[in-house]
Amino acid sequence: KQPADEGGGAFLTQKGEKPTTIKNEINELEQLLAAAGQTSQSTLLLKKRKEVREVDESLELTKKDFKRRMDACEERRIQFEHKQAKMREQVLKFEKFIQENDAKRQRAEMKIKQEKQLFNDKVKELQVLADKIQKLETEQNVLINE
């Protein structure tokens, strides 16, 4: 037997109370505790739902911020590629300009070389003719003096 069953099945806490009254009070207290436990579980559930909602909102803000930053990066990448294409175009134009100038310089140098050669040839020819004139004048003077 259990100790609670001794003495007529009643607790020895208070004299004169009937065992059914005590059982009824115990049942009421157990129901209140159960309701309090359910209330606290409901409260915890509401708190957790609120936390989940806050985390979802924070995640959504983070996603929007991430998308905004990715869009900005994409825009900068497109601008960079556009600038890079312009730079390539300018480089090609500049290289063409350099090649044309090199070709002009080479033609000019060749022309200078040819003109110098022509000048030297003319100077030699002039010298030969001057010598010839000198010789002919000398011969003419000799013939006149004879």
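Helices here are DSSP runs of H or I with at least four residues, strands are E runs of at least two, and both are numbered from the N terminus.

I noted that the model is predicted, so that local features need pLDDT of at least 70 and side-chain atom pairs count only at pLDDT 80 or more, while totals for chains, interfaces and linings use all residues. Residues are numbered from 1 along each chain as its sequence is written, and side-chain values use heavy atoms, with hydrogens and water left out.

Buried residues (under 20% relative accessible area, with exposed over 50% and partly exposed in between, 1.4 Å probe, protein chains only) make up 1% of the 146 residues.

I then searched for salt bridges, meaning a side-chain nitrogen of Lys or Arg within 4 Å of a carboxyl oxygen of Asp or Glu, and the whole structure holds ten.

For Glu74 and Arg77, I read 2.4 Å between the closest N and O atoms of their salt bridge; the two are three residues apart in helix 1 and therefore separated by about one helical turn. Glu74 is partly exposed at 37% relative accessible area, and Arg77 counts as partly exposed at 37%.

For Arg69 and Asp65, I found a salt bridge of 3.1 Å, N to O, between residues four apart in helix 1. Asp65, Arg68 and Arg69 are linked in a network of salt bridges.

For Glu109 and Arg105, the closest N and O atoms of the salt bridge are 3.0 Å apart, and both residues lie in helix 1, four residues apart.
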